Amino acid sequence: MNNILYYGNNANKKKELILNKVIQLVNDSKPFILFTSENNNFSSTIGNAKYELFTVDLNGNYNYNLFAKAKNAYDNNDLNNSIELLKNVTKKIYTTPTGGDTYWSDEASNIFVSLALLSFRRNECPTIKTILEASSNLEELKKEVMKLDVTDVVYQIGSNALFAPEETLYGITLVFKTELELFKKDTDTNDEIVITGNSGLIIVGNKKDHISNTIAEIIIDEHIIATKEEKITIIIDDFDVLSNDTYLINSLKTKKNIEYNIYMLDLKEYIKEQIDT
């Protein structure tokens, strides 16, 4: 059952509600993702040997690869899903102020996707760090893309930016690197976290860190994208901490296999209406 729960300042009540929900899901061997802005050590409280709990703590470097699900989709010949997962990352990293020119962020995003797909072709799973390193030699990248057929997906996505006039390309790469540097917190792990009936994922964010919470949104979104048939429960503690994420809200509304429980300190009516309708 889907719920939006307003708890005001009663933090203890909220923690109790979330813990009870998580324990119920674990005991029933049902998969879930929990976003919380506080590390409440749920894993030590639950203690079920048959249920695997993954924790991604975004306070500092974190053990999660933002490219792993896209690489897995690519390896399974699902190119469209792979590109969708990559664009899910870029739409959060390369944002444009309302009324601003989206050209620069769009083309920075295209370079990002092109570099990732080229890594996948080499059977490599990149990280933000290695993508930044790969972008440091654009001349080599341009030569690599130039060799591709014009119908190749990498050529179609990346050529407009890479073969732009020098001063334009400089502006695109400036946006590409400046924004991406902010997200260089991931580790070198290549492992994909797969949530099944006997596992759950706890994402620990930070109320005061916009970057960490943006990464949390990316992780939640990509699990929604990657989840096909199996029912999964999304529990969002302190939804107010996250941005007004239109994709997340629409996904929660339209995906039949997603059950959601949202806990809010400030019950913003427009968000409530978007989710409930």
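At what angle do helix α5 and helix α9 pack, and how far apart are their axes? They pack at an angle of about 75°, with the axes 8 Å apart. Keep in mind that this is a predicted model, where local features need pLDDT of at least 70, side-chain atom pairs count only at pLDDT 80 or more, and totals for chains, interfaces and linings use all residues. Residues are numbered from 1 along each chain as its sequence is written, and side-chain values use heavy atoms, with hydrogens and water left out.

**The chain as a whole**

- You'll find 12 helices and 6 strands in the chain; helices (H or I, at least four residues) and strands (E, at least two) are DSSP runs, numbered from the N terminus.
- The chain has 277 residues, and 50% of them count as buried. Buried means under 20% relative accessible area, exposed means over 50%, and partly exposed is in between, using a 1.4 Å probe and protein chains only.
- Take the contacts (heavy atoms within 4.5 Å) with a separation of 6 or more: residues 24 or more positions apart account for 78% of them.

**Where α5 meets α9**

- Two packed helices are described by the angle between their axes and the distance between the axes. Here, axes are lines fitted to C-alpha atoms, for helices over the stretch in contact, and angles run from 0 to 180 degrees between N-to-C directions.
- Helix α5 covers residues 103-121 and helix α9 covers residues 166-181, and their angle is about 75°. That makes α5 roughly perpendicular to α9. The cut-offs are under 35 degrees for roughly parallel, over 145 for roughly antiparallel, 65 to 115 for roughly perpendicular, and oblique for the rest.
- On the α5 side, the residues in the contact include Tyr103, Trp104, Ile111 and Phe112, while those from α9 include Leu169, Ile172, Val175 and Phe176.
- By class, this contact has 11 nonpolar, 4 polar and 1 charged residues. Ala, Val, Leu, Ile, Met, Phe, Trp, Tyr, Cys and Pro count as nonpolar, Asp, Glu, Lys and Arg as charged, and the others, Gly among them, as polar.

**Glu107, a buried charge**

- Glu107 sits in helix α5. It is buried yet has no salt bridge, and the nearest side chain of opposite charge, Lys87, is 10 Å away. For charges, Lys and Arg count as positive and Asp and Glu as negative; His and the chain ends are not counted.
- What does Glu107 touch, leaving aside its neighbours within four places in sequence? It is in contact with Asn160, Ala161 and Ile172.

**Salt bridges**

- Side chains of opposite charge can pair when their charged atoms come close. A salt bridge is a side-chain nitrogen of Lys or Arg within 4 Å of a carboxyl oxygen of Asp or Glu, and the count comes to 8 salt bridges.
- Lys92 pairs with Glu217, the closest N and O atoms being 3.9 Å apart. This joins helix α4 (residues 79-93) to helix α10 (residues 210-226), across 125 residues.
- Lys92 also forms a salt bridge with Asp221, at 2.5 Å between the closest N and O atoms. Again α10 and α4 are linked, this time by residues 129 apart.
- Together, Lys92, Glu217 and Asp221 are linked in a network of salt bridges. Lys92 is buried at 12% relative accessible area, Glu217 is buried at 3%, and Asp221 is buried at 0%.
- Asp152 and Arg121 meet in a salt bridge too (2.8 Å, N to O). Asp152 is in the loop between α7 (138-146) and α8 (153-162), and Arg121 is in helix α5, 31 residues apart. Asp152 counts as buried at 18%, whereas Arg121 is partly exposed at 36%.

- In helix α3 (residues 68-75), the buried residues are Ala68, Lys69, Ala70, Lys71 and Ala73. Their cover includes α4, α5 and α10.
- Ala73 and Ala226 are 153 residues apart in sequence, but 8.5 Å apart in space, C-alpha to C-alpha. Ala226 is found in α10.
- Most residues other than glycine have a negative phi. Asn77 has a positive phi of about 60° although it is not a glycine; it lies in the loop between α3 and α4 and is exposed at 74%.
- Ser29 has a positive phi of about 55°. It lies in the loop between α1 (11-27) and β2 (32-36), and is partly exposed at 36%.
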